[in-house]
Amino acid sequence: MKRTLVEVVLALALVGAGVFGWLNWQKNQKNVGQLTALQAASDAAAAAATKSLQTSGASAKAAEEQAAALRQQLAPMEAQLQELAAAKAGLSSGATLTDLQTAYKSQKELSVDRQVGLAALMLLTKGSKDPATLEAFRKALQVSDAGNRKNTICAAQIALAAGGEKVAVSSDCKPQSAHGEAKESKTEVAEKTDPHSKAEKDGTHPKAEKDGAHGKAESHDKDGKKVALHATPHWGYDGLMGPERWGKEFPTCAKGKSQSPLDIRGPFVKARATVSADYKEGPLKIINNGHTIQVNVAAGSKLRIDSMPYDLLQFHFHRPSEEKIDGKPMAMVIHFVHKNPAGKLAVLGVLLKEGNENPGIKTLWDNLPKGEGPEVSPEGVNFNPGKLLPREFDFYSYEGSLTTPPCTEGVTFYILKATVNVSNDQVTKFPFPMNARPVQPRNGREIVMN
Ligand SMILES: [Zn+2]
């Protein structure tokens, strides 16, 4: 609950000056309000940084940077920190809320921004489960003009959903928070503060809030995925659709006993299998599917496990690495996904360690699709996946699952002990700040090692 509350506060803080516009009612209070918003955002970013520190080095850095940027914004207003302390005291005692309610009493109808501002203040004072808070957000939804109030509506819907209300969060509100952390948030800020892009976006989805199916079907068209209304649920790596909630739509993710990834640590069992790769060059086919960058591979590239051939279907990236070795993640990991003629899946994991530039990844990043969308095949660009493999093929191996919904089990993982380099710049250029599922319980599984 604490976490969803932080998300709501962050979401509200990001809505920015619009939401806190109600502070104009008393000039003196205005700066205090901004400070409160910034402080909340800064605290949330700091909390995110702490959380990320426990799970991933790379995303922690991004969150720390975000926190630092917010703190910098905070600095020039240092003189008013005392006022902030007073405001905070007023907040916790409910005095600020009472003041505002008194000031609004004479008004027949509040503007949407003021109504959301009032609800936000209730949220901060009374919490997200208080009936008055929920009522205030409900009212904000009622007075909203759906057409050009998308951000307001999203904030209210997210707050109500976090409060346990059965409110459908519009599909347009979802993807932003679904896929990542710092970078996505920045996009969201840009969108929210730039009226032009906002108007453009709302223009393309005039009734997205009321007509979720329409927006959904359209986005599936764009993704090149099947067009099915309400059929494909959204999932992501953070927030309302983060890994801890995948199990609601995809039961195996929560109930499976052989889930991936694992924190790889002893005791190990001696491996008998031998593994070798025979990958071939072919035309580059690359896609940003909204969850990762994936390269689809033409038939002919094979992995041999005890001389049994598995066809390489595709490979994709996670940042940071999903697998940990003795509790430590690497900067990234590449998962090479294979299937044998009987339909059995095997994933070869190559850990990427921060160091020199990787020429293979350079070719891929030079040909990255601009954003989420269908597969692209840049004219005349060939690629050999073998370029991304280390020379040594010693590995750790265990029985696991897909690391993304639907988390299907029966996938054998081979994580190579030898790492390959990726430069810091290349890690930063990967368009997903965090797309790693947390490590899963081992449940007595053997990890073999050669
Ligand atoms: Zn993967």
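Me: How many bridges join strand β12 to strand β15, and in which sense do they run, parallel or antiparallel?
Reply: This is a predicted model, in which local features need pLDDT of at least 70, side-chain atom pairs count only at pLDDT 80 or more, and totals for chains, interfaces and linings use all residues. Residues are numbered from 1 along each chain as its sequence is written. Five bridges join β12 (residues 345-354) to β15 (residues 409-416), and the two run parallel. Strands are DSSP runs of E, at least two residues, numbered from the N terminus, and two of them pair if DSSP finds at least two bridges between them.

Me: Which residue is the bridge partner of leucine 348?
Reply: Tyrosine 414 in β15 is its partner.

Me: And what about β14 and β15?
Reply: β14 (residues 395-401) pairs with β15 in the antiparallel sense, over seven bridges. There, glutamate 399 stands opposite threonine 412.

Me: Changing topic, which residues touch the most other members of the largest nonpolar core?
Reply: They are Met332, Ile334, Val350 and Leu352, in a core of 54 residues. Such a core is a set of buried Ala, Val, Leu, Ile, Met, Phe, Trp, Tyr and Cys residues joined through C-beta atoms within 7 Å; buried means that 20 or more other C-beta atoms lie within 10 Å of a residue's own, with C-beta atoms placed from the backbone.

Me: Which strand gives the most to this core?
Reply: β12 does, with six residues.

Definitions and conventions. Helices (H or I, at least four residues) and strands (E, at least two) are DSSP runs, numbered from the N terminus. A residue is buried if 20 or more other C-beta atoms lie within 10 Å of its own, exposed if 12 or fewer, and partly exposed in between; C-beta atoms are placed from the backbone.
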